[in-house]
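Please look through the model shown here with the numbered points below beside it.

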Amino acid sequence: MRQLLLFVSIIAVGVLFISRLFYLQVYNSQTHDLFEDNAIRKVYDYPKRGFVYDRNGELLVANQPSYDVMVIPREVEPLDTLEFCSLLKINKEQFIKTYKKARRYSPRLPSVFVSHLSKEDYAVLQEKMRKFRGFYIQKRSLRDYETTIGANVLGDIGEVNHRDIKRDLYYKMGDLKGKQGIEASYEKILRGIKGIKFIQKDRFNRNIGPYKDGKFDTIPEPGKDITITIDAQLQAYGELLMKNKRGGVIAIEPSSGEILAMIAAPTYNPNILVGRERSKNFTKLFNDSAKPLFNRSLQGVYEPGSPFKLMNALIGLQEGVITPNETVTCYKGYKYGNRFMKCHCNYGTRNNIIGGIQRSCNAYFATTYRKILDKTGSASDGIDIWSKHAKSFGLGQFLNNDLFVGQKGRIPDRSYYKHVYPKTFYSTYTISNAIGQGEVATTPIQLANMIAAIANRGYYYTPHIIKNIKGETLPDQFTTPKQTTIDKHNFEPVIEGMYQVYKKGTAASLQVKDIDICGKTGTVENFAIIDSVKTQLTDHSIFVAFAPKDDPKIAIAVFVENGYWGSRFAGKVASLMIEKHIKGYITRTDLEEWLLKHTLEEEYAKPYSGKPFKINGYTTLQIVEEQKYFSLKKQLKKLNKPKIDG
């Protein structure tokens, strides 16, 4: 029995030794263990990032070579710090700070020590790198923007942070990734796949050649080129028109959902976020009070104003509470309870749906809105029906597109109002929704998409920025139409009303020869808190349109902050961009010259000037005093005290 036990023990020990030898010689040689072997140096070979072209094949983004000085802290040997700092054009304090940061990250993994060397600095440093053990030069690609436009569209690339590395193990400290715009949305397609070389080191930590003759090395896979939907010429023209103004512009091709132009004003040259000056320039942009990094076309949430009347008209027709020929008499506004909503119509004007849109009649749409909510006898149920119709146009929700940022906006329903009106709820409580104010809020891209759905008579394609990826097909989400809840025949009277806006309505002065444009002006009140007082500023200018009326090629939404009224700034921008897209040239040079001459910088400076300024003929000081007066008057009335003599 003992002999058998001894024999089994010998056999077991032999199997263990053979297994261990197999593990060390075969399994442990596999690639995934090479990353843990301190005797092997890992050198990454970065791929070329994919190029970006506009819809007409114009190159927008290419690459340029860049050189980073890398450090592996545990391999650093004593060196002439002053000479090294001089070559890198840094001081000793920066040297110490960066070295400590790299060591905290990992003593044995490479980190970027100095990024983005110029070609001249690289040429000088390369000759002397052998003197600085533990440091080496890593070549990679930086972006080369072949244009000065579309910063909010194209985005930029920057160094990854610890959060990026934790989310995606592909990245290592010092790697670059898309931070905004297209660069971020299509990062995995544009970046490609890194290659890697394993270098064997001797006991003195010197490189002695490829590990196992490069058996486990991989070559980099370049990123894929992409074509985006933007028309670079239209984008450049829109940015020119929006110079010295703030706001957002979105132009969409209704038949495809492709975004033709996406303008956020103010903007900046994308090239300033490339190279060693990126951090300094980004900080400058970030701290700019005009917020050039804020993409107003996607993130700006505004009350839509009168363009939203189109939605209420469509819902009213669909719910059968109005007919195209039914009229409402306007007495320069709409009275409800002891309140009065003003209107610009002449006293006694009778408007049907076309006239209501053409003249932007508040009385017509307040009446329509109340009919929608009161149809079932319960405004609580009615507002849910109203909300469902509006949301079918993509309002009040993310559009599920391929854009890096966005906002939901707001289309309220009964649940939204529960905390304010927990028991009783009447249609008059939310009457401001009738004219696109109150609790309704949209982004420029949502409003442009709504207009695209109207242009298509009831459906839209998800707005998107990608047109083509080399070797791939577009996802179904961008090629499948989304149906609204409105029947096709109900769009015709609304579209005719929009057409009359240009023919003889609020946009008659913006007509473009040989193009049948359908549009809607909008003016929205604008408030800000100044010295703890809610103060009215100059109104926002809003305009929506599509053209041509039949077989539409472009749908557009324009928001110009502090732009007075709809046709003053936003309408001119929309008409010119429509003409530019359809004709390729401009005949309304009078509109163009006016926009280029007029700036809104003075309007934006008013709240920060410390001086009283005029709004609708009154200074802010007068407005504040008037607000205080009526506030005091209201308080005294509650106390049943005599009224103040004016």
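1. Helix H13, which covers residues 309-318, is mostly covered, with nine of its ten residues buried; here buried means under 20% relative accessible area, exposed means over 50%, and partly exposed lies in between, with a 1.4 Å probe and protein chains only. The buried residues include Lys309, Asn312 and Gly316, together with Leu310, Met311 and Leu317 among others. Just after H13, Gly320 takes a positive phi of about 75 degrees. The names of such elements follow one rule: helices (H or I, at least four residues) and strands (E, at least two) are DSSP runs, numbered from the N terminus.

2. Two remarks on the source belong here. This is a predicted model, in which local features need pLDDT of at least 70 and side-chain atom pairs count only at pLDDT 80 or more, while totals for chains, interfaces and linings use all residues. Residues are numbered from 1 along each chain as its sequence is written, and side-chain values use heavy atoms, with hydrogens and water left out.

3. For the chain as a whole, the secondary structure comes to 24 helices and 24 strands, and 51% of the 646 residues count as buried. Among contacts (heavy atoms within 4.5 Å) between residues at least 6 apart in sequence, 70% join residues at least 24 apart.

4. Strand E1 is mostly covered, since five of its six residues are buried.

5. A second open sheet has five strands in the order E12-E11-E22-E21-E20, with antiparallel pairing. The edge strands here are E12 (258-265) and E20 (518-530), each of which pairs on one side only, and the twist averages 10 degrees from one strand to the next. Strands E21 and E22 pair in the antiparallel sense over seven bridges, and Val544 has Ala557 in E22 as its bridge partner.

6. Where does Asp550 lie, and is it buried or exposed? Asp550 is found in the loop between strand E21 (533-547) and strand E22 (554-560), and it counts as exposed because its relative accessibility is 56%. Although Asp550 and Ala455 are 95 residues apart in sequence, they are 8.2 Å apart in space, C-alpha to C-alpha.

7. Grid points are joined across faces, edges and corners, and a volume is the space filled by probe spheres set on the points. By this rule there are four cavities of 30 Å³ or more, and the largest cavity holds about 200 Å³ of space. Of the 16 residues that line the largest cavity, the closest to its centre are Tyr46, Pro47, Arg49, Leu176 and Arg191. The largest share of this lining, four residues, comes from E5.

8. The second largest pocket holds about 1,200 Å³ of space. It is lined by 37 residues, and the closest to its centre are Lys101, Val112, Ser115, Glu159 and Ser279. Among the elements that give two or more residues to this lining are helix H4 (92-105), strand E4 (111-117) and helix H11 (278-287), and H4 provides the largest share, seven residues.

Note on methods: 1 Å grid on protein atoms, 1.4 Å probe; cavity = no way out; pocket = protein on both sides within 12 Å on 5 of 7 lines; lining within 4 Å. Pairing = 2+ DSSP bridges. Axes fitted to C-alpha atoms, helices over the stretch in contact; angles between N-to-C directions.
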